[in-house]
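Student: Could you walk me through a few spots in this protein? I'd like to take them one at a time.

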Amino acid sequence: MALKDVVERIRKEEARVGRDVGSTKLIAVSKLQPLERIRGALNAGHRLFGENRVQEAAGKWPALRKEYPDLSLHLIGPLQTNKARQAIRLFDAIESLDRPKLANALARLQEETGLCPPLYVQVNTGEEPQKTGVMPLEADSFIAESRRLELPLVGLMCIPPLDEEPSLHFALLAKIAARNGLKELSMGMSGDFEKAIAQGATSVRVGSAVFGDRIESISGGL
Ligand SMILES: *Cc1c(COP(=O)(O)O)cnc(C)c1O
């Protein structure tokens with residue numbers, strides 16, 4: 001099973017770069033994957049998954065959670081403020097905190113409900129206009145403001161530009177996290193997770209290398 005191969009590659013890279021073997025978490029990205037593949041991973045004992053859309057996650061994970069109460073689900077895609085209330089109940093972590101409006105919405109919900117999952121600030125390390133995430137130069141002040149709102153920040157997340165060496169982006173993310181005292185680094189996907197581990201990733205988000213190609217027609221593509 002590909003899941004096992006990916007786990008082996010992660011452990012091998014941890015050993016190669018002198019990190020504790022077993023210290024990198026694998027977030028199996030299950031967006032647009034057939035349910036039987038997700039069940040295959042659950043049956044194999046995997047419990048940490050990532051989804052990039054609230055609606056899609058709401059359609060499949062509540063039922064699976066009943067069967068596997070110990071699973072953990074991360075939101076890794078953009079969150080609209082009008083879906084924030086739904087998201088704080090559905091996800092065990094939100095990795096896409098990317099703007100003041102969303103920080104304010106989550107803070108208000110936390111005040112009202114007492115609930116907010118651990119949060120990752122998404123940084124647009126490539127400063128790409130079409131991508132979400134705070135700009136690297138704005139990251140420190142955004143993190144400070146989110147802390148002032150008493151949001152439970154745990155780390156940073158990034159998606160490097162497709163056409164650039166990802167290691168530079170991973171290193172930048174690690175630097176911003178270190179100077180802000182944030183421990184978790186969510187970085188690296190199917191094509192570059194080994195490079196992310198070398199730069200200190202604490203979790204890698206791997207979809208197609210674990211599950212195979214996505215069925216883009218499930219929700220009309222990305
Ligand atoms: C889809 C997705 C991934 C996984 O992508 P693969 O290339 O299939 O590993 C990782 N992170 C985010 C934010 C995604 O949307």
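Tutor: Gladly, and keep in mind as we go that this is a predicted model.

Student: OK, new topic: where does Asn180 lie?

Tutor: Asn180 lies in a loop, the one that runs between α7 (166-179) and β7 (184-186), and with a relative accessible area of 14% Asn180 is buried.

Student: What does the side chain of Asn180 make a polar contact with?

Tutor: The partner is the side chain of Asp140, at 2.8 Å. If we leave aside neighbours within four places in sequence, Asn180 is in contact with Asp140, Ile143 and Arg147.

Student: Now Ile215, where is that?

Tutor: Ile215 is found in the segment after α9 (208-211), and Ile215 is partly exposed, with a relative accessible area of 31%.

Student: Which residues is Ile215 in contact with, leaving aside its neighbours within four places in sequence?

Tutor: Those are Leu32 and Pro34. As for Gln33, Ile215 is 182 residues away from Gln33 in sequence, yet their C-alpha atoms are 6.1 Å apart in space.

Methods. Residues numbered from 1 in each chain as written. Predicted model: local features only at pLDDT ≥ 70, side-chain atom pairs only at ≥ 80, totals over all residues. Heavy atoms only, no water. Helix = DSSP H or I, 4+ residues; strand = E, 2+ residues; numbered from the N terminus. Buried < 20%, exposed > 50% of the residue type's maximum accessible area, 1.4 Å probe, protein only. Polar contact = N/O pair within 3.5 Å; in protein donor to acceptor, adjacent residues only side chain to side chain. Contact = heavy atoms within 4.5 Å.
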